[in-house]
Amino acid sequence: MIVKMHQAKTQLSKLIAAALAGEEVVIARGSEPVVRLTPVKPVRTTKRQFGLYKGQFALTDAFFEPLPEEELALWEGGDD
């Protein structure tokens, strides 16, 4: 559905309901489409499961060693 700006201002609640129902809602300025209303993804309501990837990868001791000076300089914003 394409609606003009004035119609969108006066019927915003209906347009939001249509977008939530899965309908594509496009707002146009004059005859040019400028904005698409889309629902926001729902916020996660379930808690994360700890240990989900336990045993699927391992860190070696090299992970905990300091970075070489050249690479450290890049991370700290030094010259390339």
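**View A. Accessibility and position of L74 in the predicted model.** In this predicted model, L74 counts as partly exposed because its relative accessibility is 46%. The residue is found in helix α3. The C-alpha atom of L74 is separated from that of I2 by 49 Å, the two residues being 72 apart along the chain.

**View B. Nonpolar surface patch including L52.** The residues L52, Y53, F57, L59, F63 and F64 make a nonpolar surface patch of about 750 Å². Of these residues, L52 lies in the loop that runs between β3 (32–37) and α3 (69–75). L52 has a relative accessibility of 46% and therefore counts as partly exposed.

View C. Helix α2 spans residues 12–20, and its buried residues are L15, A18 and A19. Viewed down the axis of α2, these buried residues fall within an arc of 100°, so they line one face of the helix. An α-helix has 3.6 residues a turn, so residues three or four places apart point the same way. On the other side of α2, the residues S13, K14 and L20 are exposed. The packing partners of the buried α2 residues are β1 (2–4), α1 (5–10), β2 (25–29) and β3. After α2 comes G22, which has a positive phi near 100°.

**View D. Hairpin of strands β2 and β3.** Strands β2 and β3 pair in the antiparallel sense, with five bridges between them. R29 stands opposite E32, a residue of β3. The hairpin has two residues between its strands, and G30 adopts a positive phi near 70° there.

**View E. Salt bridge between R36 and E24.** The count of salt bridges in the model comes to one. R36 forms a salt bridge with E24, and the closest N and O atoms are 3.1 Å apart. Because R36 lies in strand β3 and E24 in the loop between α2 and β2, the pair ties together parts that are 12 residues apart in sequence. With a relative accessibility of 54%, R36 counts as exposed, whereas E24, at 44%, counts as partly exposed. These two classes follow from the cut-off, since exposed means over 50% relative accessible area.

Conventions. Residues numbered from 1 in each chain as written. Predicted model: local features only at pLDDT ≥ 70, side-chain atom pairs only at ≥ 80, totals over all residues. Heavy atoms only, no water. Patch = residues over 30% accessible without salt bridge, like charges linked within 9 Å, V, L, I, M, F, W, Y side chains within 5 Å. Areas by Shrake-Rupley, 256 points an atom, 1.4 Å probe, with all protein chains shown as cover. Salt bridge = Lys/Arg side-chain N within 4 Å of Asp/Glu carboxyl O. Helix = DSSP H or I, 4+ residues; strand = E, 2+ residues; numbered from the N terminus. Buried < 20%, exposed > 50% of the residue type's maximum accessible area, 1.4 Å probe, protein only. Arc of directions from axis to C-beta. Contact = heavy atoms within 4.5 Å. Pairing = 2+ DSSP bridges.
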